[in-house]
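Here's a quick tour of a protein model and its ligand. Have the sequence and the 3D view open as you read.

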Amino acid sequence: MIRVGLLGCGRIARMYHLPILARATGVELAALADPDPERLASAGAAVPGARGSSDWREILGDDSIEAVVICLPTGLHADAARAAFQSGKDVYLEKPVATTLAAARDTVLQWRASGRVGMVGFNQRFHPLVVAAREAIRGGRVGRIVGARVSTLSPRRDLPEWKRRRAEGGGALLDLASHHADLARFLFAEEVREVSASVHSISSEDDDASITMTMESGIVMDSRVSFATVGENRFEVLGDQGRIVVDREAGQMRVDPLHPPSTLARLARGAARLAGAPRTVRSILSRGWDPSYRKALWTFARAARDRTQPSPDIEDGERSLAIVLAAEIAAREGRRRAVEALAS
Ligand SMILES: NC(=O)c1ccc[n+]([C@@H]2O[C@H](COP(=O)([O-])OP(=O)(O)OC[C@H]3O[C@@H](n4cnc5c(N)ncnc54)[C@H](O)[C@@H]3O)[C@@H](O)[C@H]2O)c1
């Protein structure tokens, strides 16, 4: 049994991390931190017996806590993660790992020096539809990869103050495109070489952006992120023999071949695929619950118990941030920009 502290009990933590950790096998959610008394109380009601604190630092001073899950505003991530590694805790750090490359690098160094488990919250790597798309790419089902388009858009909503300001970790690039940068690396198993981008402020600072990421092999991924338009969460991978379409809101992944099979063959294949998908997966996906958070957090808990290092690690977080920060500079300068190579 590992004793875990949850640092930050805001929107995403109460939606996913808290209920998942409260029920995870081999995990005792033993401490919660949030300065907002209402949030702390509502989180505490779901985990009776857990210690409540108004600040994350108090939890780090508790030697009985072995691991922490950090869901703080992004501007606090690097400080909290570095302090947690220094206190000898295993760390699951929500994305993005920091707001500057220097802070991200320092977090990587602290993680390595600590010898503790360090994982970053790129939960999309664990989404069944993303995993299926990656397998389809690797299996050559759409031939040679030419490019990709990915969008994460959401209608205007009341964002917390920190998400409305870039300096505190807000903006669509840091908050949303950090996932896309990691998705590109995960799907194509190669690094992003250069980027171009444009960023707009519609109802808050930098809340709408588009980026073009060019991979080392020349694959081009177009990414669109926004907090100011319709809801959409999908990607397409374009190959010379077809395309893969993943729509996470609809819970669908399909492969469109360049030369479609006959109607009969298509119907037979569709029926076989449906019968093969476990019923729980189908119903979970169709209810809108994102199963990737649970898989990611279970992976972290297992690694903390078994003393193994899971993926994506803190350095994957640094690499995603390097892409996002290069995109910010590219947008400011109005030209393509190489992604900084990281020391490893
Ligand atoms: N992996 C994902 O898909 C995903 C999705 C959403 C959010 N996130 C990340 O999770 C983090 C939190 O996002 P959110 O939308 O829940 O934001 P939020 O503002 O709703 O939550 C942050 C919480 O941290 C608390 N907090 C602030 N200072 C604190 C302190 N000193 N000690 C303890 N708690 C403190 C705030 O009161 C708030 O409740 C962000 O970094 C965001 O990027 C990741």
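The notes below go through the model's domains, its sheet and its ligand shell.

## Ground rules

This is a predicted model, where local features need pLDDT of at least 70, side-chain atom pairs count only at pLDDT 80 or more, and totals for chains, interfaces and linings use all residues. Residues are numbered from 1 along each chain as its sequence is written.

## Two domains

The protein chain splits into domain 1 (2-124 + 294-311) and domain 2 (125-288 + 323-331), with bounds from an automatic or database domain assignment. Their centres, taken over C-alpha atoms, sit 26 Å apart. Where they meet, 13 residues of domain 1 are in contact with 14 residues of domain 2 (contact: C-beta atoms, placed from the backbone, within 7 Å).

## The open sheet

Six strands form an open sheet in the order E3-E2-E1-E4-E5-E6, with parallel pairing. Strands here are DSSP runs of E with at least two residues, helices are runs of H or I with at least four, and both are numbered from the N terminus; two strands pair if DSSP finds at least two bridges between them. Strand E3 (51-53) and strand E6 (118-120) are the edges, each with a single partner strand, so one side of each has no neighbour in the sheet.

Strand E1 (residues 2-7) and strand E2 (residues 27-33) run parallel, joined by six bridges. Leu7 is opposite Ala33 in E2.

## Around the ligand

Which residues come nearest to the ligand? Of the 24 around it, Gly8, Gly10, Arg11, Ile12 and Pro160 do (a residue is near if its C-beta atom, placed from the backbone, lies within 6 Å). Helix H1 (residues 11-23) gives the most to this shell, with three residues.

Key:
Two residues are in contact if their C-beta atoms, placed from the backbone, lie within 7 Å.
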